[in-house]
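Please look over the sequence and the model below before reading on.

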Amino acid sequence: MAMPEILAPAGGQEQLVAAVRCGAEAVYLGLPRFNARQNAANFDGAGLAQAARYCRARNVKLYVTVNTLVLDEEQPSLEETAEQIAQAGVYGVILQDMAALRLFQKRWPGLHRVASTQTAVHNRDGARFLQDAGFDSFVLARELTAEEMGDICATVSIPAEAFVHGAHCMSLSGACYLSAMLGGRSGNRGLCAQPCRLNWRCGGRDYALSLKDMSLLAHMDELRQAGVHTLKIEGRMKRPEYVAAAVTACKKARAGEPYDQKTLEAVFSRSGFTDGYLTGQRNRAMFGHRTEADAASAEAVLGSLAALYRRETPLVPVNMAFSMTAQGSRLAVSDGENTLTVPGPAPEAARTRSLDEATAGRSLEKTGNTQYYVNHLNVHLDAGLTMSAAALNALRRQALEELDEIRAAAPAPERGDYRPVPIIFRETHAPSPLWARFPDAARLEATPHLDSLARLLLPVEAITPALLARYGPRLTAQLPALLFPGDEEALEARLRLLKEAGLTEIWTDNIYGIPLGKRLGLTVRGGWGLNVTNTQTVDFYEALGLTSLTASFELPMEKLRRLGGSIPLGLVAYGRLPLMRFRSCPVKASMGCASCGGHGTLTDRRGVVFPVECDRRRYSTLLNSVPLHIGDRDDPGDFRLLYFTDEDNDRRGQVIGEFLEGRPSALPRTGGLYYRQLL
């Protein structure tokens, strides 16, 4: 089984150098735009070209992150950024938005396309979707166990990456809207303000939303056996000493050698590390926050860590052939792909002693502070001649510098035909039909005004043949937002039975539902979790056969009005919006499932209470403290979704009536992000 490669973060030039010199086979970095770490130092156009040259000369793959959601007005800028990336000669790109996938796939097909962790791949069908969509590799969700990773890797032929060290997001990536909703800084747009690291409280426990950093370095054999191709280190916001420590430790762990856990902890941790997801131990021990003691410990190790990347590491083997005759001298150098010959100075007649092979070798093999080392040296010398060490050193330097230029030169990128679909504004018809989601069958059937609802969404486990007979094609099965491999077969079996009983369609908040629904012959409707924010992505999903989409609720109304595409496009108009999706439930960690009873809460530092909705103990969802309600506002949706969670019967009926009559709510509410500027 092949040794997995190490992929390291580079938030700036010094981090890039640290990663490469400490042994990373690949690095990833971002540009000022379309980058999920907008607050890192990042690289401009000239910096990218320089970084690409540096990596190519050292046999290191360079990936550029283009892993944020894209708006329609940003399409020209996205194309310019893609051109800049392609012309720089990087190895690949890391993508979230399907608009970015389509652009790189068609215009720059030679670049390796990686599906970002923001695509939230946590099961087999999610991986199948990415493979069929045209990705060349993908990042596994951090929340998976080693066994689940193995299940997913065995399903597809494209390679998988797994994070092995660095920060844990509390929410499944791509499904977190906390920073956007609370402060207008969207993590999906690269501006996460990390409000989860503040002091949220639950059951008397502080920092209930802060997980320790992960470190899976002790599990290298398990990851390799699972089929993980790339070991990814998180940390583009971290200093170069952190990168050096993490790469060095990862390289040693991969080789089965002991590594310095204490130094790794000292340079950055949140009261230690956790491997809880990989081992399936999702409990209170996973949680921790950055303390003053943690910060102070870093100062003691920075100097020693900086020494790890002070000098070049010999990464590239070369063969040399040196000849010196009465006619002159020359040095040939080859890295296995590129060969060049450099003429040297004329030799001198030896006065006392001729130049011998050992003496010549000492100068020619002294590659010094370069990335090269001499694998094989062939020396041919005529007798009676000599050359100074300074001349030999200069000849070696010139040959290696010229080899550097050849290796670093950017290859001409392959350019294909790409034409974005034109944006044709939709006709709006007010008022648009109302859809409603209910958490269970009892609350659905106890709700007034059901006849006024065009579509009824119900969790798939709550649907029965009797309900299908009663409500017919109006009833749509809502798939779980998170579905881990152990539950995939049971869900598919249930859907098959429900289809026989009359179920015709599903609503999915994650990409896994698309291949699942198509395989079963069910109509597929896309939820807001597909993060649709632009016309190209609308067209992408329409081409896959989806029959409707729910736009991202991060999209301001003025931008939603301008979305093109012909597929029906709706919006969430009412409900406690889901801010985070948890596999490691903070309420369970604080008080246990028995005490919670499925109705937990979290309290922020200002004393505001946020409900936590439990889904059969498989995962839980942090809901907003107040519901979204835009019943009295005009909107461009082809339908409006009322997303009910914890409302009683009277309140559900009241909400439906408010929307039917276009009345505002008299209770606390929010307009969400629809009427705010999206950063």
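What follows goes through the cavities and then turns to a helix pair.

The structure is a predicted model, and it holds 3 cavities of 30 Å³ or more. Rolling a probe the size of a water molecule over the atoms shows where such empty space is left.

**The largest cavity**
- The largest cavity has a volume of about 260 Å³, and of the 25 residues that line it, the closest to its centre are Gln118, Gly174, Gly529, Leu530 and Asn531.
- Helix α20 (535-543) and strand β24 (578-582) each supply at least two residues of this lining.
- When the lining of the largest cavity is sorted by class, it has 13 nonpolar, 9 polar and 3 charged residues.

**The second largest cavity**
- The second largest cavity has a volume of about 40 Å³, and the residues that line it include Arg142, Phe163, His168, Asp275 and Tyr277.
- The lining of this second largest cavity divides into 7 nonpolar, 2 polar and 2 charged residues.

**A pair of packed helices**
- Two packed helices are described by the angle between their axes and the distance between the axes.
- Helix α5 (residues 124-133) packs against helix α19 (residues 513-520) at an angle of about 90°, and their axes are 7 Å apart, which means that α5 is roughly perpendicular to α19.
- On the α5 side the contact is formed by Asp125, Arg128 and Phe129, which meet Ile514, Pro515, Leu516 and Arg519 in α19.
- By class, the residues of the contact of α5 with α19 are 4 nonpolar and 3 charged, with no polar residues.

Definitions and conventions
Residues are numbered from 1 along each chain as its sequence is written. This is a predicted model: local features need pLDDT of at least 70, side-chain atom pairs count only at pLDDT 80 or more; totals for chains, interfaces and linings use all residues. Side-chain values use heavy atoms; hydrogens and water are left out. On a 1 Å grid over the protein atoms alone, a cavity is a set of points where a 1.4 Å probe fits but cannot get out, and a pocket is an open set with protein on both sides within 12 Å along at least five of seven lines; lining residues have an atom within 4 Å of a point. Grid points are joined across faces, edges and corners, and a volume is the space filled by probe spheres set on the points. Helices (H or I, at least four residues) and strands (E, at least two) are DSSP runs, numbered from the N terminus. Ala, Val, Leu, Ile, Met, Phe, Trp, Tyr, Cys and Pro count as nonpolar, Asp, Glu, Lys and Arg as charged, and the others, Gly among them, as polar. Axes are lines fitted to C-alpha atoms, for helices over the stretch in contact, and angles run from 0 to 180 degrees between N-to-C directions. Angles under 35 degrees count as roughly parallel, over 145 as roughly antiparallel, 65 to 115 as roughly perpendicular and the rest as oblique. Contact means heavy atoms within 4.5 Å.
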